[in-house]
Amino acid sequence: MHSKMISKEEFKEKLRPEFAREKKTVALCHGVFDLVHPGHIIHLQQAKEMADILVVSITSSKYVRKGPGRPYFDDAARMNVLAAIECIDYVLLSESYTADDMIESVEPDLYVKGAEYEKEEDDLTGKIAQERELVERHGGKIAFTGGQVFSSTKLINTAMSGLPEEVVRYMREFKKKHTMREVRDYAEKAGDLRVLVIGDLIIDKYSYCNIQGLMSKDMGYSARMFYSEEYLGGSAAIARHLSTFTKQVTLMSVIGDEENRRLLAFDELSDKMQLKLSYSHKFPTIVKHRYLSRNQKREEYKKVFVVNNIPEKMEYEKEVHQSFKDRLREEIGTYDAVFLCDFGHGLIDREMIDIVQNGANYLALNCQTNSTNKGLNVITKYTRADVFSLDQQELKLAFPELALDEMEGLSRLSGHLRGSGWLTRGSAGAYGICSGQIQESPAFTLNVKDTIGAGDAFFAVAGIFAAAGAPVDMSTFAGNIGGALGANIIGNKEDVEKINVLKFANTLMNI
């Protein structure tokens, strides 16, 4: 008996030509197949009836976009289960987010999907139409099976404790008020928005090392360096997240005049957004250099030490700063939404605050506290925001007398800014406030790789949903998804993409 589990290369080079010579038809089914249930069996049996050979491919774990902690079973377990099903002839592993590599390798006569995919406009990924075109280009066609639709996600969420109980309770109440169609509609409305992002562009440099112990003659760590990487952070990271929701994003920032930094920014961002950068000849681009050690058993990282190149007194050249502000004053009114990312490193001064508060049609505000500006960059210096986002430490600095009453502090801030907003609370989730009413949402994952980009991801996703008209509970829900996804990205190495937000939302709605 032949082995059912083979590589896509072996299938393409050896088996597919044989089947073509023998005039045997090939059907392909593709998916995650995290938990095989009766609906899968019916689907696979019907697919086998359509062709001589049935090939089933699964998405490799690292490419599954259903939220942290999914898939529940690893690649080997899922492939072994499928190989044990009699009607399946071959099982392949896809190392891609899409089925494209499988379609290219298998060249199916029939690409078989479930009945729930017959309406292309209902496909979350927006890929069915593209897959159909690719299948047809290789001489095949798409086909659909019938029968009752089951949900692996729902079974895992409810029967296998795929989600914490507090998330299950929250989602049951959320589903009484909202549907997945609403979530998708607001995400689609965001695509019509012209968005301006203002703030410091920061280079996040990560150096990965192995801590060997303390130095023999001093009190510092001794470490072996492995390698270093640089990611675009700060306002650039927020703009990248937003650019997956709308292609009409503009980023305005000031960076140093280093050629390599300018090229990095344009290489990574110019195809996603419009860049309107000013250049300082006095100060370099901000770099925050973090040294990390990795847990050898799990993909968890501990930051050992951080170094930055931010001057103690950072004041850009007057002509550079004034030119930036003049351009902002002239153009700000042409955007539907402005995302102001105030990291407290000298770019946002009093004049710029006035320009933004007076000129923005819709203002999403994030004013951050960090080690270089603690106590000096407090959000109450603003008096207007349609929506705002901050963390617990930032709220305490704004209202120290209310340090032990977060809800009262959030209410006070909402009144001060005359807008709605969110308080992010780490593993405790988030509060959202609108018209004096506070709603609580739990954290959607406790699996964390790196929290550096989580707050920025929350702000970007919650903010774009709010700008698209979503109510505060919906934007809080979306923001918490963004935060959960962001906490599972190292630094700002990747975008929190719209498709991943929708996939995770669909996972949560299947309770």
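Start by selecting Arg425 and Tyr431: their side chains make a polar contact of 3.4 Å. A polar contact here is a pair of N or O atoms within 3.5 Å; within protein, one atom must be able to donate a hydrogen and the other to accept it, and residues adjacent in sequence count only if both atoms are side-chain atoms. Before you move on, note that this is a predicted model, in which local features need pLDDT of at least 70 and side-chain atom pairs count only at pLDDT 80 or more, while totals for chains, interfaces and linings use all residues. Residues are numbered from 1 along each chain as its sequence is written, and side-chain values use heavy atoms, with hydrogens and water left out.

**Stop 1: around Arg425**

Arg425 sits in the loop between E16 and strand E17 (430-434). Helices (H or I, at least four residues) and strands (E, at least two) are DSSP runs, numbered from the N terminus. Is Arg425 buried or exposed? With 14% relative accessibility, Arg425 counts as buried. Buried means under 20% relative accessible area, exposed over 50%, and partly exposed in between, using a 1.4 Å probe and protein chains only. Now show what Arg425 touches, not counting residues up to four places away in sequence: Gln392, Glu406, Ala430, Tyr431 and Glu440. Touching, or contact, means heavy atoms within 4.5 Å.

**Stop 2: Asp342 and its strand**

Next, select Asp342 in strand E13 (residues 337-342). Asp342 is buried, with a relative accessible area of 1%. Which side chain does Asp342 join through a polar contact? The partner is Lys381, at 2.9 Å. Beyond four places in sequence, Asp342 also touches other residues, among them Ile348, Asn366, Cys367 and Tyr382.

Strand E13 runs parallel to E14, and five bridges join the two. Two strands pair if DSSP finds at least two bridges between them. For one place to look, Phe339 stands opposite Ala364 in E14. Now colour E14 (residues 363-367) by burial: five of its five residues are buried. Leu363, Leu365 and Cys367 lie on one side, with Ala364 and Asn366 on the other, and both faces are covered. In a regular strand the side chains alternate between the two faces of the sheet.

**Stop 3: Thr380**

Follow the chain to Thr380, in the loop between E14 and strand E15 (387-391). Thr380 is partly exposed, with a relative accessible area of 25%. Setting aside residues up to four places away in sequence, Thr380 touches Ala398, Phe399, Leu413 and His416.

**Stop 4**

How many residues does the largest nonpolar core have? This core has 112, and those with the most contacts inside it are Ile198, Val356, Phe388, Phe465 and Phe477. A nonpolar core is a set of buried Ala, Val, Leu, Ile, Met, Phe, Trp, Tyr and Cys residues joined through side-chain atoms within 4.5 Å. Helix H15 (residues 454-467) gives the largest share of this core, ten residues.

Helix H15 is mostly covered, with 13 of its 14 residues buried. Zoom in on Phe465, whose contacts beyond four places in sequence include Val183, Tyr186, Phe245 and Met474. After H15 comes Gly469, whose phi is positive, near 105 degrees.

**Stop 5**

Most residues other than glycine have a negative phi, and most peptide bonds are trans. Select Glu107, which has a positive phi of about 45 degrees although it is not a glycine. Glu107 lies in the loop between helix H4 (100-106) and strand E4 (110-113). Arg418 also has a positive phi, about 55 degrees, and is in the loop between helix H14 (406-417) and strand E16 (420-424). Glu107 is partly exposed at 30% relative accessibility, whereas Arg418 is exposed at 60%.

**Stop 6: the five-stranded sheet**

Finish with the open sheet, whose five strands stand in the order E3-E2-E1-E4-E5 with parallel pairing. Strands E3 (90-94) and E5 (141-144) are at the edges with a single partner each, so one side of each has no neighbour in the sheet. Inside the sheet, six bridges join E1 (residues 26-31) to E2 (residues 53-59). Highlight Leu28 to find its bridge partner in E2, Val55.
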